[in-house]
Amino acid sequence: MDLGIADRWAVICAASEGLGFSCAAALVAEGVNVVINARRPEPLKAAARRLQNINPAVSIKWVPGDITESQTQDTVLSASPMVDILVTNAAGPPTGNYSDWNRDIWYQAINTNMLTPISLIQIVIDEMVNRRFGRVINITSGTVKAPQSELGLSNGARGGLTGFICGLAKTDSLASNNVTINNLLPGAFDTNRLKQTFAQKASRCGDLPERIAMQRRQKIPAGRFGTPEEFGAYCAFLCSVYAGYITGQNILIDGGAYPGVF
């Protein structure tokens, strides 16, 4: 299926591995030129090579740096001739107990997982409106709908982003000009981040990471963790010309694990 976005330009954050990379890979396969960002230069450079191998015909640019810093934001966004597609993404804050999180830890979580995506959107959104095409995808978390106590920092920061996006996406000037903003809420996907979460929980509980992983898997009706490739495909579709009527949505991808109706 041709998604109709060949030759567009996309900026993808936290794209050296995991779900960010999978989104970049799916877009590159559709002929989209990309600018990818992550903190560590060497893994990011390796990711750029992998993307170029997927589609030698597209342009791949890589810009290392901390995307929470305004200077890095400017450098990353200016590396793209235009930003037709923006995929915001960042590693989630640490797990733990609410009593251990002081004000500084809370601010870091909010800055990374709420304020930074908002800043990036603010920079690119007007030009998207002027060109009458724009797709913004925020990778958040399934815990936005089903909070977990040990993920309180993520629950709070990403919950704030979710509320902001719900109002912004439904602004008449955006939707009527073919600019959409949606949140993708991943459940348990087979990434290094998930493995780290299991290891942290196992350390706190005095258990084995493998046992924690098995217990989590048993709670998923699909009977498995999601693959990054599946996630990337969802992202690519939401960036397509066929998704112009989908905006302001929180799309949960979790193998059926969420127990609610809405």
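**A first look at the chain**

Colleague: What helices and strands are there in the chain?
Modeller: The chain has nine helices and seven strands. Its radius of gyration is 18 Å, close to the 18 Å that the globule rule gives for 262 residues, so the chain is as compact as a globular protein of that length. Keep in mind that this is a predicted model.

Colleague: What does the C-alpha trace span along its principal axes?
Modeller: About 55 × 40 × 35 Å.

Colleague: And what share of the residues count as buried?
Modeller: 49% of the 262 residues do. The accessible surface comes to about 12500 Å². Carbon and sulfur atoms hold 52% of that surface.

Colleague: Contacts next. Of those between residues at least 6 apart in sequence, what share joins residues at least 24 apart?
Modeller: 74% of them.

Colleague: Switching to charge. How many positive and negative side chains are there?
Modeller: There are 23 positive and 21 negative side chains. The centres of the two sets lie 4 Å apart.

Colleague: Now Gly 232. Where is it?
Modeller: Gly 232 sits in helix 9, which covers residues 228–238.

Colleague: Is Gly 232 buried or exposed, and why?
Modeller: Gly 232 counts as buried, because its relative accessibility is 0% and the cut-off for buried is under 20%.

Colleague: Which residues does Gly 232 contact, leaving aside neighbours within four places in sequence?
Modeller: Ser 22, Cys 23 and Ala 26.

Colleague: What separates the C-alpha atoms of Gly 232 and Arg 193?
Modeller: A distance of 16 Å. Along the chain, Gly 232 and Arg 193 are 39 residues apart.

Notes
Residues numbered from 1 in each chain as written. Predicted model: local features only at pLDDT ≥ 70, side-chain atom pairs only at ≥ 80, totals over all residues. Heavy atoms only, no water. Helix = DSSP H or I, 4+ residues; strand = E, 2+ residues; numbered from the N terminus. Rg over C-alpha atoms; globule rule 2.2 N^0.38 Å. Buried < 20%, exposed > 50% of the residue type's maximum accessible area, 1.4 Å probe, protein only. Contact = heavy atoms within 4.5 Å. Areas by Shrake-Rupley, 256 points an atom, 1.4 Å probe, with all protein chains shown as cover. Lys, Arg positive; Asp, Glu negative; His and termini not counted. Charge placed at Lys NZ, Arg CZ, Asp CG, Glu CD.
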